[in-house]
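Open the model in your viewer and keep the selection panel at hand. This tour makes two stops.

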Amino acid sequence: MSEGTGGNGTGSSQGGGAPGFARRFLALAGGYWLGRTRVTVWALTVALVVLTIGQVSIPVLINLWSERLFDALEQRSMDRFLTMIGVVGLIIAYNIVIVVLHLRVKRRLQMGWRDWLTRKLLEDWLRRGRHHQIAYMPGEHDNPDGRIAEDIRITAEMAIDLGHSLTYCVLLLISFTNILWMLSGTLSVTLMGTELSVPGHLLFVALLYAAMGTTIAMLIGQPLVNAVNRRQGYEADFRFALARIRENGQTIALLHGESAERGHLSGLFAGVVRGWDRQTRALSHMMVFSASYSVLSAAFPILVAAPRYIAGTITLGVLMQTAQAFQQTVGALSWPIDNLPRVAEWRASVERVLNLHEALLRLDRDVCDVADGHIQVERSDEHSSLTFRGVAIEEPNGVEVVHPFDLEVKPGDRVLIVGDATATIRLFRAVAGVWPWGRGRITLPAHTRVFFMPERPYLPHVSLRAVLGYPGPASSVEDAQAVDALVRVGLPDLVGRLDDVDHWDGMLSVPERQRLGFARLLIRRPDWIFLEDATDSLDPPAEEELLTLMETELPHATLLTIGHHAGLVAHHGRKLVLERTNGAVTLREQMPEDAEATGPLPIAESAA
């Protein structure tokens with residue numbers, strides 16, 4: 001997959017059926033109950049279960065209260081009626097306490113789980129260039145930002161919501177199964193001249209009624225699961241495209257690309273609309289059944305128990321208590337019907353999180369943790385030079401970008417690298433340890449400071465002082481140090497804004513951003529410097545000024561530069577050329593007399 005692109009994002013299951021899905025989910029998220037805060041987490045979990053039991057006791061109390069209330073009404077007893085008013089007030093107060101405590105405990109557990117899971121995914125994603133490398137891996141793990149921000153939220157919040165509601169329904173079922181059994185009495189049925197006694201017949205009726213409803217709902221609801229998966233993928237693609245426009249707003253504005261972007265977004269949003277319509281059709285079919293089932297569930301228990309009341313074998317209170325017990329039992333058994341859309345949404349989000357997590361694991365297993373078959377980058381006390389031994393650079397699909405080569409760059413060398421664009425950039429990525437595809441060994445001297453300056457420096461949305469010190473803390477940059485660096489690279493207008501927070505990427509021009517990169521260089525004062533087209537937006541006098549400044553301030557630093565400007569040649573003592581011949585790229589060192597004869601070799605367009 002190319003960087004920044006993705007499939008439909010539907011997050012198809014890789015684990016097969018429910019057992020495989022549950023195993024994958026627990027392997028990812030179950031560690032929350034086994035980590036450093038497990039005592040607190042288990043205490044919250046137990047408290048949530050206890051409070052759920054308290055919630056279940058409310059409908060049981062209401063059921064018992066209903067029997068006594070309707071009996072009091074049937075007997076026209078004002079004293080008992082007033083007593084029931086007082087009792088219901090106590091039940092209300094008890095319910096308020098249980099509900100509030102349950103809400104607080106549940107939300108703390110939800111946020112704690114989301115926080116743990118977010119930190120886990122961020123640690124795996126933002127580690128040793130994984131966020132860059134995974135863009136080149138095949139599979140359904142596009143839009144990792146949306147998966148981490150939104151799908152983890154749904155995963156954690158809905159898992160606890162659904163787990164609580166399922167536990168509540170199970171406990172409710174246990175409680176009202178016993179009540180309904182006792183209220184049913186014994187039904188006498190004559191079959192072929194033989195009288196049979198059927199105890200708890202209403203319970204069996206409730207079980208049969210709920211089983212039929214659940215079966216029908218599952219059959220009708222399956223298209224809903226697929227529709228939810230598809231819609232979430234469309235939504236993710238649309239969000240990602242909006243984020244890309246926000247990140248590249250200046251370039252789009254300069255190219256007047258708004259019309260093209262509107263067309264692209266309209267096409268993506270049309271997918272969102274299709275996903276919405278498909279989900280609406282599936283929900284409509286589900287609602288036809290749900291609407292009928294809910295109304296029938298309210299009337300059916302009274303119709304079933306009414307003959308016993310008409311016959312005078314039970315009181316009005318028992319009739320109402322029986323109807324409520326029947327409704328609660330059926331309601332508990334109807335959990336799949338009531339929660340199928342939410343389960344579908346939750347599972348789709350879990351699959352998206354799992355796909356990202358499993359892609360990162362695959363990256364570690366197949367690319368980064370394999371000793372043979374990939375480029376090994378290491379630090380060594382035994383070497384003072386940067387050495388390449390048998391290094392061949394490949395694309396993730398195995399296509400060779402650069403033929404194997406050996407090279408040594410000694411301390412203090414200043415090396416200009418020109419030639420094939422793809423090969424030069426991949427070479428720098430390999431040295432940085434974020435391009436493992438290939439083979440061979442790269443050794444850097446230990447205990448030396450290395451600084452990579454890309455073509456467009458990354459400027460986070462923080463204070464200018466923090467930008468200058470990135471990725472270190474803002475406190476590491478002193479006022480005098482920052483002022484001197486800004487003035488010397490030609491950005492005196494920014495001196496008074498050290499502690500301002502701004503969108504520096506959008507506020508500064510590309511040449512100013514490249515100057516700011518050199519200010520960072522002066523502050524960091526590294527031993528090894530890697531410049532990747534870091535002066536391509538500067539005019540020749542500005543480029544000469546900054547390169548001379550770097551030589552003056554860091555005379556002993558080793559410099560490797562990717563670039564094609566003629567002005568770069570005078571500042572480098574060695575020149576490496578990556579030449580593409582017959583579809584293959586080879587590295588050779590161009591001697592000084594060759595450089596004088598041929599001049600600087602421009603970077604060729606890559607055919608890779």
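How many nonpolar, polar and charged residues does the lining of the second largest pocket have? By class, there are 18 nonpolar, 11 polar and two charged. Nonpolar here means Ala, Val, Leu, Ile, Met, Phe, Trp, Tyr, Cys and Pro; charged means Asp, Glu, Lys and Arg; the others, Gly among them, are polar.

A word on the source: this is a predicted model, where local features need pLDDT of at least 70, side-chain atom pairs count only at pLDDT 80 or more, and totals for chains, interfaces and linings use all residues. Residues are numbered from 1 along each chain as its sequence is written, and side-chain values use heavy atoms, without hydrogens and water.

**Stop one: the pocket**

Select Ala-159, Leu-162, Gly-163, Trp-335 and Trp-346. Of the 31 lining residues, these lie nearest the centre of the second largest pocket. (A pocket is an open set of points on a 1 Å grid over the protein atoms alone where a 1.4 Å probe fits, with protein on both sides within 12 Å along at least five of seven lines; lining residues have an atom within 4 Å of a point.) Now colour α10 (335-368), one of the helices that each supply at least two lining residues. α10 gives the most, with nine. (Helices are DSSP runs of H or I, at least four residues.)

**Stop two: helix α16**

Select residues 540-553, helix α16. Its buried residues (under 20% relative accessible area, 1.4 Å probe, protein chains only) are Ala-542, Glu-543, Leu-546, Leu-547, Leu-549 and Met-550. They cover an arc of only 155° around the axis, so they sit on the same side of α16. (The arc is that of the directions from the helix axis to the C-beta atoms.) Turn to the face away from the buried side: Pro-540, Pro-541 and Thr-552 are exposed there, meaning over 50%.

Key
Expected span 1.5 Å × (residues − 1).
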